Amino acid sequence: MPPRLNLLSAAPRALAFRPKPATPQWRLPLVARRCYSAGDDAAAKKQTDLPVAEEGAKGPNTETLPHVSEEASAMAKIRGGEGPDVTQGTPVEEVVAGDKEAEKNLPEVMKTKNKKPATAKVPSGTRGYATQAEVVRPTMLQQPNPLSLSSDGLKFGPVAFPMPAENRLKSRYDPVVDQVTKLLMQDGKLSVAQRNMSIILNYLRTASPPVIDPRRPLLPGAPPPSHLPLNPVLYLTLAIDSVAPLLRFKSIRGAAGGGVALQIPTPLSLRQRRRTAIMWILGAAEKRKFRGSGKGSFAYKVAEELVAVVQGSSAVWERRNGLHKVAVAARANLNYKGSKGR
């Protein structure tokens with residue numbers, strides 16, 4: 001077994017230190033530089049000069065944009081209209097304005113035209129300009145409005161202003177349909193009333209044409225019965241307006257003497273007449289017998305009552321005729337003095 005070496009006990013001696021050779025760095029080769037002579041400078045300049053363009057040749061950046069008037073004239077020609085006249089140049093007066101030497105060579109006609117009229121002297125303490133607004137001339141009113149809408153580029157044309165009533169949010173429904181829907185509503189449930197209204201209109205549209213009773217004719221100018229299902233809104237309006245009363249009674253207690261009330265006929269407006277007729281139709285529809293059941297049962301009753309009104313078989317006609325008969329008998333009460341102002 002070889003003996004162990006004790007480094008502490010060994011005599012120290014100099015050790016050679018050899019560092020690790022550094023990695024060579026890559027360097028670009030140096031390019032020899034020298035000053036150019038006069039001949040070399042001329043040769044280099046001849047090589048760097050741009051080529052001379054031929055006469056009439058146009059490069060990619062040599063074409064300038066057309067003038068605004070020329071572009072407007074081209075667009076008007078494409079669209080078939082009349083654009084600005086580009087053949088008319090700038091007047092000579094505007095070209096030579098400010099150039100005194102050029103103004104001397106102008107003809108006498110142009111010289112007198114360019115002379116400004118002598119202005120009167122403004123007295124001290126007053127303004128040399130007007131603070132009053134200019135009056136609009138009638139010629140300016142005849143010019144077309146530049147902000148008017150045109151149909152260029154639109155598929156269905158511009159919207160007409162003011163918009164019609166049926167295109168507005170709050171008046172998009174027919175007034176009669178809206179009034180009947182509001183009277184059909186119960187407990188504030190508008191969606192249920194609108195659903196019942198759609199059932200009524202659908203029933204009037206799909207029902208067979210009514211048979212008109214000659215003893216109880218509809219309003220004058222009404223379309224033939226075969227045309228009514230084609231327009232259910234007109235069908236509904238005709239049924240309501242035909243049985244709408246023209247007036248109502250206003251009771252005045254003690255006017256007849258002995259505590260007896262006096263009935264005085266009072267005319268109604270169109271909306272009041274329709275409301276009275278709708279309430280009569282709804283009351284008669286509640287008394288109708290309907291075999292089915294469900295959410296739309298009352299709507300079908302109302303639709304059947306409307307058809308009966310048009311055919312003249314509804315009890316609403318007797319109620320309207322009775323009201324008018326009593327009003328004719330009470331027309332003498334219109335002379336009562338206390339009826340005015342109440």
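Visitor: How many cavities of 30 Å³ or more does a search of the whole structure find?
Guide: Keep in mind that this is a predicted model. A cavity here is a space where a 1.4 Å probe fits but cannot get out. With the cut-off set at 30 Å³, the search of the whole structure turns up one.

Visitor: Which helix gives the largest share of the lining of that largest cavity?
Guide: The largest cavity holds about 50 Å³ of space. Helix 9 (232-243), helix 10 (270-286) and helix 11 (297-311) are the elements that each give two or more residues to its lining. The lining divides into eight nonpolar residues, no polar and no charged ones. The largest share, three residues, comes from helix 10.

Visitor: What about the largest pocket: how many of its lining residues are charged?
Guide: This pocket has a volume of about 280 Å³. Among the 15 residues lining the largest pocket, Leu184, Met185, Gln186, Asn196 and Phe298 are the closest to its centre. Sort the lining by type and you get eight nonpolar, three polar and, for charged, four.

Visitor: And which helix gives the most to the lining of the second largest pocket?
Guide: The second largest pocket has about 170 Å³ of space. Helix 7 and helix 8 each supply at least two residues of its lining. With five residues, the one that gives the most is helix 8.

Visitor: Is Phe161 buried or exposed?
Guide: Phe161 sits in the loop between helix 6 (138-142) and helix 7 (175-184). Together with Val159 and Met163, Phe161 makes a nonpolar surface patch of about 310 Å². Its relative accessibility is 62%, and the cut-off is over 50%, so Phe161 counts as exposed.

Note on methods
Residues are numbered from 1 along each chain as its sequence is written. This is a predicted model: local features need pLDDT of at least 70, side-chain atom pairs count only at pLDDT 80 or more; totals for chains, interfaces and linings use all residues. Side-chain values use heavy atoms; hydrogens and water are left out. Patches are made of residues with over 30% relative accessible area and no salt bridge: like charges are joined within 9 Å, nonpolar side chains (Val, Leu, Ile, Met, Phe, Trp, Tyr) within 5 Å. Accessible areas come from the Shrake-Rupley method with a 1.4 Å probe; for residues, only the protein chains shown count as cover. A salt bridge is a side-chain nitrogen of Lys or Arg within 4 Å of a carboxyl oxygen of Asp or Glu. Helices (H or I, at least four residues) and strands (E, at least two) are DSSP runs, numbered from the N terminus. Buried means under 20% relative accessible area, exposed over 50%, partly exposed in between (1.4 Å probe, protein chains only). On a 1 Å grid over the protein atoms alone, a cavity is a set of points where a 1.4 Å probe fits but cannot get out, and a pocket is an open set with protein on both sides within 12 Å along at least five of seven lines; lining residues have an atom within 4 Å of a point. Grid points are joined across faces, edges and corners, and a volume is the space filled by probe spheres set on the points. Ala, Val, Leu, Ile, Met, Phe, Trp, Tyr, Cys and Pro count as nonpolar, Asp, Glu, Lys and Arg as charged, and the others, Gly among them, as polar.
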